[in-house]
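I opened the model today and kept notes in the order I looked things up.

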Amino acid sequence: RMAASLLFYKGFMMRAPPNTPTDFPALNQWFDAMEQLESYQLTKSDYYTHCWDLPPQLGGCTYEAGGEQFEKAINGERLLDDSRGSWELPLEPHNGGVE
């Protein structure tokens, strides 16, 4: 949930797509290992659900300017490269670099 909500609201990318350089290699190795577990795959949710579940639970969330492009990608408006909507078919792996 933190990987999704920090990206959406703050523009803070802690989880990088596979084979992408990151400031957090150990954390990303942990995510990679978890995503190989069938039990995790069966319970993992999507970024959209995580981001829109928080405001009612917390009473609101604060947006920062750095998260705008990720907010648009998670909401389906635009891919990170701004080429098209991120929910347009065919879907891009990892939501075009977001998930």
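The entries below go from the overall fold to single residues.

**Entry 1: overall fold.** I note at the outset that this is a predicted model. I looked up the secondary structure and found 6 helices and 0 strands. Along the sequence the pattern reads α-α-α-α-α-α. I then checked the radius of gyration, which is 14 Å, close to the 13 Å that the globule rule gives for 99 residues, so the protein is as compact as a globular protein of that length. Along the principal axes, the C-alpha atoms fill a box of roughly 35 × 30 × 25 Å.

**Entry 2: surface and contacts.** I looked up how much of the chain is buried: 29% of the 99 residues. The accessible surface is about 6400 Å², and carbon and sulfur atoms account for 56% of it. Of the contacts with a separation of 6 or more, 47% are between residues 24 or more positions apart.

**Entry 3: helix H1.** I went through H1 for buried residues and listed Ala 3, Ala 4, Ser 5, Leu 7, Phe 8 and Tyr 9. What do the buried residues of H1 pack against? I found helix H2 (25-34), H4 and H5. After H1 comes Gly 11, and its phi is positive, near 75 degrees.

**Entry 4: H1 against H4.** I took the axes of H1 (residues 2-10) and H4 (residues 47-58); they come within 8 Å and cross at roughly 70 degrees. The range for roughly perpendicular is 65 to 115 degrees, and H1 and H4 are therefore roughly perpendicular to each other. I wrote down both sides of the contact: Ala 3, Ala 4, Ser 5, Leu 7, Phe 8 and Tyr 9 from H1 meet Tyr 47, His 50, Cys 51, Trp 52, Leu 54 and Pro 55 from H4. Sorted by class, this contact has 10 nonpolar, 2 polar and no charged residues.

**Entry 5: Leu 54.** I picked Leu 54 from helix H4. Its relative accessibility is 15%, and the cut-off for buried is under 20%, so Leu 54 counts as buried. Leaving aside neighbours within four places in sequence, I found Leu 54 in contact with Arg 1, Ser 5, Tyr 9, Gly 59 and Cys 61. Ser 5 is 49 residues from Leu 54 along the chain, and their C-alpha atoms are separated by 8.0 Å.

Entry 6: Asp 82 is not a glycine, yet it has a positive phi of about 65 degrees. Asp 82 lies in the loop between H5 and H6. Is Asp 82 buried or exposed? I found a relative accessible area of 51%, so Asp 82 is exposed. I also found a cis peptide bond joining Leu 89 and Pro 90, with omega about -5 degrees. Pro 90 lies in the loop between helix H5 (68-74) and helix H6 (94-97).

**Entry 7: Ser 86.** I stayed in the loop between H5 and H6, where Ser 86 has its place. Ser 86 is buried, with a relative accessible area of 2%. Beyond neighbours within four places in sequence, I listed its contacts: Ser 86 touches Lys 72, Ala 73, Gly 76, Glu 77, Arg 78, Leu 79, Leu 91 and Asn 95. From Ser 86 to Lys 72 I noted 14 residues in sequence and 8.3 Å in space, C-alpha to C-alpha.

Terms used. Residues numbered from 1 in each chain as written. Predicted model: local features only at pLDDT ≥ 70, side-chain atom pairs only at ≥ 80, totals over all residues. Heavy atoms only, no water. Axes fitted to C-alpha atoms, helices over the stretch in contact; angles between N-to-C directions. Helix = DSSP H or I, 4+ residues; strand = E, 2+ residues; numbered from the N terminus. Parallel < 35°, antiparallel > 145°, perpendicular 65-115°, else oblique. Contact = heavy atoms within 4.5 Å. Nonpolar A, V, L, I, M, F, W, Y, C, P; charged D, E, K, R; others polar. Rg over C-alpha atoms; globule rule 2.2 N^0.38 Å. Buried < 20%, exposed > 50% of the residue type's maximum accessible area, 1.4 Å probe, protein only. Areas by Shrake-Rupley, 256 points an atom, 1.4 Å probe, with all protein chains shown as cover.
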